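Visitor: I'd like to go through the side-chain contacts in this one. Could you bring it up?
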Amino acid sequence: MGENVSILPYGAWPSPVDAATAAAHDGRPEYVGFVGDEVWWTAPRPAEGGRRTLVRRRADGAEETVLPAPWNVRSRVMEYGGRPWGGTVHGGRPVVVFAHFADQRLYRYEPGGGEPTPLTPLSPVGGGLRWADLVVRPERDEVWCVLEEFTGDGPTDVRRVLAAVPLDGSAAGDRSAVRELTGDAHRFVTGARLSPDGRRAAWLAWDHPRMPWDGTELLVADVRPDGTLDAPRTVAGGPEESLAQVEWAPDGALLYSSDRSGWWNLYRDGRPLCRREEEFGGALWKLGERWFAPLESGLIAVVHGSGTTALGVLDPETGDLVDAAGPWTEFASTLAVHGERIATVAASPRSAYEVVELDTRTGRARVIGSAHQDAVDPAHYPEPQIRTFAGPDGREIHAHVYPPHHPGCAAPDAERPPYVVWAHGGPTGRFPLVLDLEIAYFTTRGIGVVEVNYGGSTGYGRAYRDRLREQWGVVDVEDCAAVALALAEEGTADRDRLAIRGGSAGGWTTAVSLTTTDVYACGTIIYPVLDLTGWATGETHDFESRYLDSLVGPLDEVPGRYAERSPVEHADRIDVPFLLLQGLDDVICPPAQCERLLARLEDRGVPHAYLAFEGEGHGFRRAETVRRALEAELSLYAQVFGLRPPGVPTLELAP
């Protein structure tokens, strides 16, 4: 051990990663695209009210923010949003169309040409008109996209169709000027993809109670000369087959990602291209996510992998797949191609998400935008271990273990560290293996973190994903507990100082864990689901309003199961301290559920704190919110575990 290493108890290590630093680096670039030869993307601005802006990389390599505050490039389609912009070059100048979060209207913008001008009208009905998955078609003077239109005030009073919006602004005050391309036969649709000759359109569709990772259909329609569509026909997919994405090859063949083999693999006109027990697709939470993109040469850029992901180039004729070299271990579900260039977003345990470009002619990959910059000495970064644990019945549980780590500190030999189990949202999601300064906020202070990709997570095939069918609140809770206890049994973690935390579905798993197990000494519950019956009867948005049919079972068939598993029905079982964090504008997991839980805990004497944030929805975006939430969470652990972290405000726990 080096001479300059201080021996201090876990939790007392002085950290260079304060909450403000972690908050300033929250968020990541998304939705890359080419506008002519330039790469554009959306980027977070936590210090500017959590808005997202458009960024372009000019031909000379300069990176430029395109839209100043208050413009916020973000769609609310299906509440989680989707690709909120599209662009092209017209008359030698870039032209972009984007959705502005505040009013959800589409705007046209030409850099250097004045303020953005509206293309779509406002609607006084319900949630109004929303747009996503934009494709600009200058040859028709239109932008094609998904239209989500509310028909009433209820969260499920909504229809979705493919639509064409005039680029001349004629629909800005006239809803009838928006041309609907399809009827609303399906509850959900993705944006249309046009064949190279412009004569066919393809898109995905699905209906309640299915989620897109359960089963989707691939629809194809002929495009008439006047730009209208013939009746669509189903060419692939179904209730038990999930298609994650569809595109056209340069020669007019239909490419899609299907999990018919048990893994999302690629198909060309129904023929498998690269059979592997890996995912070439994912859970379609946002419209416009892209795991593959055909190049002009006929090759296909792909994001693929099991657990972690890589960027590769697939030869559809031979099935050969060559991965790009580089330090990245995670590639996001966003791809854009231009000629032989591929643009995407990637990260690693040593670098945050950044915009990366691969030149397929040279094989060279390089960072071209939102480049990672070390906020602190990288010697303080967490050092993850990819682990597989044994759960109930011997089932495998995938996890990332982040031990306490500080180059200048160590704990006394006899002490075991506290650990926090992180349960991800979704629950059809996963934790990527990337640098996260929120994890570093804890590990640099001597608190371990373990991210659990519990049964139901994506990235490990359909069978792993289906473990959670009708088992939400059971399998996820068991898997998190199994990992926590395994770490304690092997001596990695202190059995008496285990905590659990999670947001959204992870907030549910955390709350259920506190009502059904004695594994944890405390927990942090973030914008959670707490009342299944309420959530299934109008307390959430349309997209997930029937999600519980598969996660728990249909309400009319198993009503007792809804009450049996809901934390609000068992608040009396919570006997350890907890922190509850909630956005007051959250329409996915509304504050009413938190308030219901707290009302049932009244006068029980359980130490807790409830922090509700104005202006925040489902997922905190503002720097000041993230900072306050992190400091409160650390203070909870400090009080429960008997830690002494320097310089952290004390969270007041009631009663």
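Visitor: What sits over the ring of Trp422?
Guide: In this predicted model, the ring of Trp422 has the charged end of Arg501 over it, 4.0 Å from the ring centre. Elsewhere, Arg28 lies over the face of Tyr353, at 4.5 Å from the centre of that ring.

Visitor: And how many aromatic pairs are there in the whole structure?
Guide: A search of the whole structure finds 23 aromatic pairs. One of them joins Tyr460 and Tyr464 in a tilted arrangement, with 5.0 Å centre to centre and 55 degrees between the planes.

Visitor: Is Tyr464 buried or exposed?
Guide: Tyr464 is buried, with a relative accessible area of 6%, and Tyr460 is buried as well, at 13%.

Visitor: Switching to charges, which residue forms a salt bridge with Asp531?
Guide: That partner is Arg596, and the closest N and O atoms of the two are 2.6 Å apart. Asp531 lies in the loop between strand S37 and helix H6, while Arg596 belongs to helix H9, so the pair ties together parts that are 65 residues apart in sequence. Asp531 counts as buried at 8% relative accessibility, whereas Arg596, at 22%, counts as partly exposed.

Visitor: How far apart in helix H10 are Glu631 and Arg627?
Guide: They are four residues apart, which means that about one helical turn separates them, and their side chains meet in a salt bridge of 3.1 Å, N to O.

Conventions: Residues numbered from 1 in each chain as written. Predicted model: local features only at pLDDT ≥ 70, side-chain atom pairs only at ≥ 80, totals over all residues. Heavy atoms only, no water. Phe/Tyr/Trp six-rings, centres within 6.5 Å; stacked < 30°, edge-to-face > 60°. Buried < 20%, exposed > 50% of the residue type's maximum accessible area, 1.4 Å probe, protein only. Lys NZ or Arg CZ within 6 Å of the ring centre and 35° of its normal. Salt bridge = Lys/Arg side-chain N within 4 Å of Asp/Glu carboxyl O. Helix = DSSP H or I, 4+ residues; strand = E, 2+ residues; numbered from the N terminus.
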